Amino acid sequence: MFTDDFNQVYRDFQLWTPEPAKSLANGDYWLHHQTAAILNFQGPRRVLSSSPLNGGIRDDLTTVFNLNMQAFRTQAELRTENYQSELELYARELSLDPEKTTGLGTAAWLERACSASFADDGIFVEARVSGGIERNAVAAGDRAAYAEIPDSAGSFRPCLNGAFDPEIGTLNIFLSTNAKLSAGALCKALITLTEAKSMALQDLALASTGSADLASGSGTDGVIIISDLYGPELSDCGTHSKFGEMLARAVRLAVRRSILVNTGATTAVMHSILARAGRYGITELELYFTGQKVLRFLENKKEFSSPLVQSFAEQLFTQSLATKSQVKLKQKLSSLLLEAEQFSSAFSELNYDSSSLIFTNLYLHLVDEYRKGLIEWGEALRSGLCLIRSVLLERWGRLDLEFKLQVESACQPLELIEMLKLLLIFLLLC
């Protein structure tokens, strides 16, 4: 359903230039300031806003704005006591009535904001999105980075297990329509919008920075929905409705455009082992360390604390190879590990190898299924070994390799990941 939409994303990217000030189908128009983009209303509007400045549902606003809080500074530091008062200060500096506006802050360049729109039967919907999420992408339910102190007017304390990058990414979504939406319909539209945003991130398999899950958003996303108080009235904004379909397609397409323009995340960029396996801690540096472990293993035959991983290494690196081949493998690995740059250059080819990538994706899917309780550990291990045998057959021509592993108890997801890292080193060497 969305193939044509997403093909258009890449055509747009090739010809992309900053979007000029533009008018919407209902007459509202965007004006660009040095630090903000301001949407001026040309009639009474009902607005749902996640902003602390006049947030909630309001029928008396005259503008909304998207604010680059880091435009002329190295960090988006507050000049006031909290985010709400900071937005109010910016509103005054933009000559806006702070009682009649609402806005969202970001560190993203607003010149790179992207939009998408759809229309049907006289009703239009347009989504305008700024920012990316490469630094603070999260999956809903990840460990918190901070906790708000109750009754403190916006003060926070850090959480021990959370991570928070001050140079953050944020997806701010502004959705406009000429339809009249009730308070309930606005809330339903917010649900559909959020689902569409998460689908856009899953389209690219973007990973959370706080867990092994795929991202559902960033930790600082904001939403403003603007509807017409005197337009054609709609009561259903769900995904079964035509309006919900248009809303979701506009948001999904605009989010992908914004991520593409702001972070360069494309299907081509994601077509690599490291891009797909990074959520499980598989980085080039981690694989370099794994190579060092394998070298020590080849020297003393004992390196891994997990009996499962140890037995897998024994059968992969020693029992499957003749003594002469083991010596050559050890020499090649020693050479690659002399310098990190040399290892990086050698791994680059494997990183983008199509067969190795597809195998890695399928293997990680098994780990995901096991980690979430959808399959049992024995099923994950058995199926994982079948995948490993298939990739060894393709790359090495060996079908007779049978893995008889030492399993003392239910294996853990991290043990399966350790096995994957060992196999990647083996493929790099063979």
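Two strands count as paired if DSSP finds at least two bridges between them, strands being DSSP runs (E, at least two residues) and helices likewise (H or I, at least four), numbered from the N terminus. The structure is a predicted model, in which local features need pLDDT of at least 70 and side-chain atom pairs count only at pLDDT 80 or more, while totals for chains, interfaces and linings use all residues. Residues are numbered from 1 along each chain as its sequence is written, and side-chain values use heavy atoms, without hydrogens and water.

In β15, Ile225 is the bridge partner of Leu175. Strands β12 (residues 172-177) and β15 (residues 222-228) run parallel and are joined by five bridges. Both belong to an open six-stranded sheet with mixed pairing, ordered β4-β3-β15-β12-β8-β7. At its edges stand β4 (56-58) and β7 (114-120), each with a single partner strand, so one side of each lacks a neighbour in the sheet.

Turning to charged pairs, the model holds 20 salt bridges, defined as a side-chain nitrogen of Lys or Arg within 4 Å of a carboxyl oxygen of Asp or Glu. One of them joins Asp59 and Arg46 (2.9 Å, N to O). Asp59 lies in the loop between β4 and β5 (63-68) and Arg46 in strand β3, so the pair ties together parts 13 residues apart in sequence. Arg46 is buried at 16% relative accessibility, whereas Asp59, at 38%, is partly exposed; buried means under 20% relative accessible area, exposed over 50%, and partly exposed in between (1.4 Å probe, protein chains only).
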